[in-house]
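Student: Could we go through this model together, one question at a time?

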Amino acid sequence: MNRWHYEFQVVHRFIRCNFGEYDQYNLDINKDGLFVFEEVKCPLRGECEHEGVICRPELDTALTDREMDVFRLIAENYQTDDIAAELHISPHTVNRHRENIKAKIKVRNVSEMISYWHQNQMK
């Protein structure tokens, strides 16, 4: 295998997949602080063997069991240190779980998390 040709193909693929189109007139962050990226049209459409796998894969947004435990305690108005003690994890881990939950359910703060919990009748 020709190493130079292989490296050229890798760089060529990266450039074509990631720099297909850019709309500089649309803002990437809306007024609510949420990301709104334009969809890049793949120049390799129909030609790529990884179409639908590498480009725009389905994301897993289901909460893990531990995230559900943390979410339940947040909804019960436990503080970070109390949650950490209850679940035998560090406060840093509680904070990381909280941020992951917020991202997955698309809310910005703890009060929106609690509202989401009650609106969706989670248990």
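Student: What does the secondary structure of the chain come to, and how do the elements run from the N terminus on?
Tutor: Bear in mind that this is a predicted model. The secondary structure comes to five helices and zero strands. From the N terminus on, the order of the elements is accordingly written α-α-α-α-α.

Student: What percentage of the residues of the chain count as buried?
Tutor: Burial here requires a relative accessible area under 20%. The chain exposes about 9,800 Å², of which carbon and sulfur atoms supply 53%. Of its 123 residues, the share that counts as buried is 20%.

Student: Which element gives the largest share of the largest nonpolar core?
Tutor: This core has 16 residues, and those touching the most other members are V70, F71, I74, I83, I101, I105 and M113. Two or more residues come from each of helix 2 (65–75), helix 3 (80–87), helix 4 (91–105) and helix 5 (110–119). The largest share, amounting to five residues, is that of helix 2.

Student: Which residues does I105 touch, leaving out those up to four places away in sequence?
Tutor: I105 is one of the core residues that touch the most other members, and a contact calls for heavy atoms within 4.5 Å. With residues up to four places away in sequence left out, those touched by I105 are F71, M113 and Y116.

Student: Are helix 2 and helix 5 roughly parallel or roughly perpendicular to each other?
Tutor: Their axes come within 9 Å and cross at roughly 100°. Angles of 65 to 115 degrees count as roughly perpendicular. The two helices, helix 2 and helix 5, are therefore roughly perpendicular.

Student: How many nonpolar, polar and charged residues are in the contact of helix 2 with helix 5?
Tutor: On the side of helix 2, the contact is made by M68, F71, R72, I74 and A75, while helix 5 brings V110, M113, I114, Y116, W117 and H118. Sorted by class, the residues of this contact are nine nonpolar, one polar and one charged.

Student: Is R98 buried or exposed?
Tutor: R98 is found in helix 4. Not counting residues up to four places away in sequence, R98 touches I74, T80, V110 and M113. Because buried means under 20% relative accessible area, R98, with a value of 16%, is classed as buried.

Terms used
Residues numbered from 1 in each chain as written. Predicted model: local features only at pLDDT ≥ 70, side-chain atom pairs only at ≥ 80, totals over all residues. Heavy atoms only, no water. Core = buried A, V, L, I, M, F, W, Y, C linked by side-chain atoms within 4.5 Å. Buried < 20%, exposed > 50% of the residue type's maximum accessible area, 1.4 Å probe, protein only. Helix = DSSP H or I, 4+ residues; strand = E, 2+ residues; numbered from the N terminus. Areas by Shrake-Rupley, 256 points an atom, 1.4 Å probe, with all protein chains shown as cover. Axes fitted to C-alpha atoms, helices over the stretch in contact; angles between N-to-C directions. Parallel < 35°, antiparallel > 145°, perpendicular 65-115°, else oblique. Nonpolar A, V, L, I, M, F, W, Y, C, P; charged D, E, K, R; others polar.
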